[in-house]
Amino acid sequence: LPLVKRNLLTEPFVLVASAGYLKTRQPIHHPEQLQEHTCLYADSLTHSRQWAFNEDGQVRLINISDNLEVSDTNLLFDAAKMGMGIAYLPRYVVESSVRSGQLVKLLPNHQTAHWMLNLYYPELKQMDQGCVLFKDFFLNTYRDQLSKP
């Protein structure tokens, strides 16, 4: 059954840590230095123990230590705020905490991979009415939130 993929949201990953964590560690100027830090890892987000950075058009994968592995974005976010290490999270998760100073954005000049939220559904001719109604409801209800930059 062929499926249609509709991208709903694309967000860059952001490296963040609490000021408390950063006070006790060496500064980070390059992604390779992450290997010397406590990295907080969520399999549900990256599906590997590698964080991706784009350097001169080339994807560079950095192997991280998995000092804390969780399967939930909220747990990872909370652990970063508590000073347990560095997290690699989608921008929308951390932006208000970065603005408030609760978290510090690291390596802002390094481009990261992107997290995507996609909606998959059968081609229109193969979709039952309930699926059509749900897809239309979802897209109409969340149109404003999904179109934000």
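Colleague: How many helices and strands does the chain have? And which residues of helix 5 are buried?

Modeller: The chain has 6 helices and 9 strands, where helices (H or I, at least four residues) and strands (E, at least two) are DSSP runs numbered from the N terminus. This is a predicted model, in which local features need pLDDT of at least 70 and side-chain atom pairs count only at pLDDT 80 or more, while totals for chains, interfaces and linings use all residues. Residues are numbered from 1 along each chain as its sequence is written, and side-chain values use heavy atoms, with hydrogens and water left out.

As for the setting, the C-alpha atoms of the chain fill a box of roughly 60 × 30 × 25 Å along the principal axes. Of the 149 residues, 37% count as buried, a word used for under 20% relative accessible area, with exposed meaning over 50% and partly exposed lying in between (1.4 Å probe, protein chains only).

Helix 5 runs over residues 129-141, and its 13 residues should span 18 Å at 1.5 Å a residue, which agrees with end C-alpha atoms that are 18 Å apart; the expected span is 1.5 Å times one less than the number of residues. The buried residues of this helix are Val 132, Lys 135 and Leu 139. Seen down the axis, the buried residues of helix 5 fall within an arc of 70°, so they line one face of the helix, the arc being that of the directions from the helix axis to the C-beta atoms. Gln 129, Leu 133 and Phe 137, on the other side of helix 5, are exposed. At the start of helix 5, a side-chain oxygen of Asp 128 comes to within 3.2 Å of the backbone nitrogen of Gly 130. This is a polar contact, that is, a pair of N or O atoms within 3.5 Å, where within protein one must be able to donate a hydrogen and the other to accept it, and residues adjacent in sequence count only if both atoms are side-chain atoms.

Helix 3 (residues 73-81) can be read in a similar order. Its buried residues are Leu 76, Phe 77, Ala 79 and Ala 80, and they cover an arc of only 160° around the axis, which puts them on the same side of helix 3. At the start of helix 3, a side-chain oxygen of Asp 72 reaches to within 2.9 Å of the backbone nitrogen of Asn 74, and just after the helix Gly 83 takes a positive phi of about 85°.

Ser 18 counts as buried, at 6% relative accessibility, and a polar atom of its side chain lies 3.1 Å from the backbone nitrogen of Tyr 21.

Turning to the aromatic rings, a search of the whole structure finds 4 aromatic pairs; rings of Phe, Tyr and Trp (its six-membered ring) pair if their centres lie within 6.5 Å, and planes under 30 degrees apart count as stacked, over 60 as edge-to-face and the rest as tilted. The rings of Tyr 92 and Trp 115 have centres 5.4 Å apart and planes at 40°, so this pair is tilted. It links distant parts of the chain, with Tyr 92 in helix 4 (residues 91-100) and Trp 115 in strand 9 (residues 114-122), 23 residues apart. Tyr 92 is partly exposed, with a relative accessible area of 39%, whereas Trp 115 is buried at 16%.
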